[in-house]
Amino acid sequence: MVRLLVLAVLAATLMVVDARFEVLKPVRSQLGLVLMPFYGLADLPVRLWDGINQQFSSRSELLAENEKLKAEALLMQRRLQKLATLTEQNVRLRELLNSAELVDEKVLVGELIGVDPNPFTHRILIDKGERDGVFLGQPVLDARGLMGQVVEVMPYTARVLLLTDTTHSIPVQVNRNGLRAIAVGTGNPERLELRHVADTADIKEGDLLVSSGMGQRFPAGYPVAVVNEVIHDSGQPFSIVRAVPTAALNRTRYMLLVFSDLRSPEQRASEAAQAQEAHDRELAEQAKSPAPSSAAGTAPGAASAPAPSAPSRPAPAGTGGAR
Amino acid sequence: MGEHNGWLIWASYLAGLLLSVAPMPGFMEVGRPLWLAMFITYWILAVPQRVSMTVIWLLGLAMDVLYGVLLGQHALTLTLIAFLMLTLQQRVRMFPLWQQSLVLLVVFGLAQLVQLWLNALAGNRPPTLAFLLPALVSALLWPWVFTALRSLRLRFNVN
C-alpha cells in the first residue's frame with residue numbers, strides 16, 4: 001500500500017513536471033534513444049514481407065514498373081527544364097524587388113518507422129532526429145502536400161503531429177483568391193475543417209488551400225488540402241467548410257523535412273537590402289577602377305542577395321515513396 | 001535469477017512492450033489489447049513473489065516514452081493494475097478463467113478510465129468511450145493468454 005502511494009505520487013509529480021517544465025525533455029529524449037528500436041522491431045515482419053514480395057515480384061511486373069518510372073522521369077525532366085528557367089527568372093525578379101524570399105528550401109528525406117499506437121491521435125514516428133538537424137516545429141511534407149510538424153525530437157527519431165490531429169491547426173489561404181482561414185484537424189485522416197469562414201466568403205468546392213505562412217511555422221505556398229464541401233446553414237454564424245488533405249497522410253512511407261529560412265520577413269528584407277547595397281558599391285568601385293579586377297568579374301546576378309543564391313540541395317523527390 | 005528462470009518474466013515484459021507498438025490495421029487499433037498489463041497480471045497470479053511494483057512502474061515509464069504521452073501516465077495506471085491484482089490475487093487465482101476475465105474487465109476498465117481522465121487533463125480528449133474497448137478485448141483474450149503463459153511457465157519451470 002505504501003509502495004503504491006509512493007509510486008503514484010512519483011508518477012503524478014513526473015506528469016506535472018513533464019507538462020509544465022522543460023527539465024524532463026532531455027531525459028525523455030535519451031529514453032527514446034533506447035526505446036525507439038521497439039518500433040523498428042515491431043515493424044520488422046511487415047518490412048520482411050515487403051522485401052520478400054519485392055524479391056519475388058515477377059519480371060514482367062518489374063519491366064512494366066520500369067517503363068512507367070522512365071515515362072514519369074521523362075515528364076519530370078521536361079517540367080524541370082521549364083522550372084530551371086522559371087526559377088532563374090524568379091530569382092532575378094526578386095533581386096530586382098530587393099526581396100530575398102527563398103525560392104527553394106533545403107529538405108531532408110525521412111522514412112516512416114511507426115504510427116502512434118493511440119488511435120485517437122494522429123502522430124507518426126520518422127527515422128530522422130536531432131543528429132540529422134531535425135528541430136521542434138519543423139514542417140514535414142510528402143510529394144503531394146504538407147503533412148504536419150515535428151512535435152518531439154529524439155536523437156535518431158522524431159515524432160510528427162499530422163494536420164488531421166484534433167489538436168492541430170494550420171493557417172491556409174485559398175489559392176484562387178488569397179482568402180485566409182485556419183484549417184483545423186478533425187481526427188478523421190481524410191478531413192480538415194475551416195474555422196470562422198464567413199457565409200459570404202468566396203470559397204467553393206474544388207478550391208486548393210495552400211499554406212499561407214502566417215503562423216511563421218509552415219513555409220508559404222505548399223498545398224494543404226482541397227475543399228470538398230461547403231455548407232451554408234442560415235442557423236449558423238459561419239459556413240461549414242470541409243477539405244481533404246492533399247498529402248497521403250496515412251499512406252506515405254517517405255516524407256520531406258523542410259529547413260526553411262528562420263529569419264523574420266523584416267530581417268530578410270533588410271539583409272537583402274544590405275547585400276544589394278554592398279553589391280552596388282562593388283559595382284561602382286569596379287566602374288571607377290580602370291583595370292577590371294579578375295575577382296569581381298563574375299556575372300552580376302551571382303553576387304547579390306544572399307538567400308536566393310544560397311545553395312539548395314536538390315530535393316531527392318519523394319515520388320518513389322508515394323506508392 | 002538463475003534457478004528461478006526469471007528471464008522468462010522479463011522476456012514477456014519486453015514482448016508486451018513490443019506488442020503494444022506493433023502495427024495493426026486501422027480499424028483494430030481502437031481495440032488494441034493491453035498486452036503488457038495482461039502479462040503482468042498473469043505473473044502476479046502465478047508467481048506474486050517474483051513481481052516488483054517498482055519494475056512495473058519503470059515499464060510504465062517506458063510505455064509513456066513509446067506512446068509519447070506525459071511521463072507517468074502509464075506508470076500510474078500499470079501500478080494501479082498491479083496493486084489491485086496483488087490485493088485480489090489470493091481470491092482471483094482460484095476463480096475459473098471466465099470469472100478471471102470478468103475481474104480483468106473491471107480492473108482494466110478502471111485503469112483505462114484513469115488513463116482517459118489523464119489524457120483529458122493533458123488536452124487530447126478522445127471523442128468517445130471507445131477508450132474502454134481495449135479492456136473488453138483484453139478480457140476476451142485472457143483465457144488464451146493465460147493458457148499460453150501457463151504452458152510456458154510450466155515448461156521453463158518459473159517459480
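Predicted model: local features only at pLDDT ≥ 70, side-chain atom pairs only at ≥ 80, totals over all residues.
Chain A has seven helices and twelve strands, where helices (H or I, at least four residues) and strands (E, at least two) are DSSP runs, numbered from the N terminus. Residues are numbered from 1 along each chain as its sequence is written, and chains are lettered from A and ligands numbered from 1 in the order in which they are written.

Of the 323 residues in chain A, 27% are buried; a residue is called buried if 20 or more other C-beta atoms lie within 10 Å of its own, exposed if 12 or fewer, and partly exposed in between, with C-beta atoms placed from the backbone. Among the contacts in chain A between residues at least 6 apart in sequence, 61% join residues at least 24 apart, a contact being two residues whose C-beta atoms, placed from the backbone, lie within 7 Å.

Is Gln216(A) buried or partly exposed? Gln216(A) counts as partly exposed, because 13 C-beta neighbours fall inside 10 Å.

Turning to chain B, the secondary structure comes to seven helices and zero strands, and 39% of its 159 residues count as buried. Among contacts in chain B between residues at least 6 apart in sequence, 66% join residues at least 24 apart.

Let me take helix H1 of chain B, residues 7-19, as an example. Ile9(B), Ser12(B), Tyr13(B) and Leu17(B) are buried in H1(B). Seen down the axis of H1(B), these buried residues fall within an arc of 140 degrees, so they line one face of the helix, the arc being that of the directions from the helix axis to the C-beta atoms. What do the buried residues of H1(B) pack against? They pack against helix H3 (37-56) of chain A, together with helix H3 (35-46), helix H4 (53-67) and H7 of chain B.

That brings us to where the chains meet. The contact takes 34 residues from chain A and 29 residues from chain B. On the side of chain A that touches chain B, helix H1 (2-20), helix H2 (25-35), H3 and strand E1 (106-115) each supply at least two residues, and the largest share, ten residues, comes from H1(A).

Finally, within chain B, helix H6 (residues 97-122) and helix H7 (residues 133-156) pack at an angle of about 145 degrees, with their axes 8 Å apart; axes are lines fitted to C-alpha atoms, for helices over the stretch in contact, and angles run from 0 to 180 degrees between N-to-C directions. Among the residues making this contact are Leu104(B) and Phe108(B) of H6(B) and Trp142(B) and Phe146(B) of H7(B).
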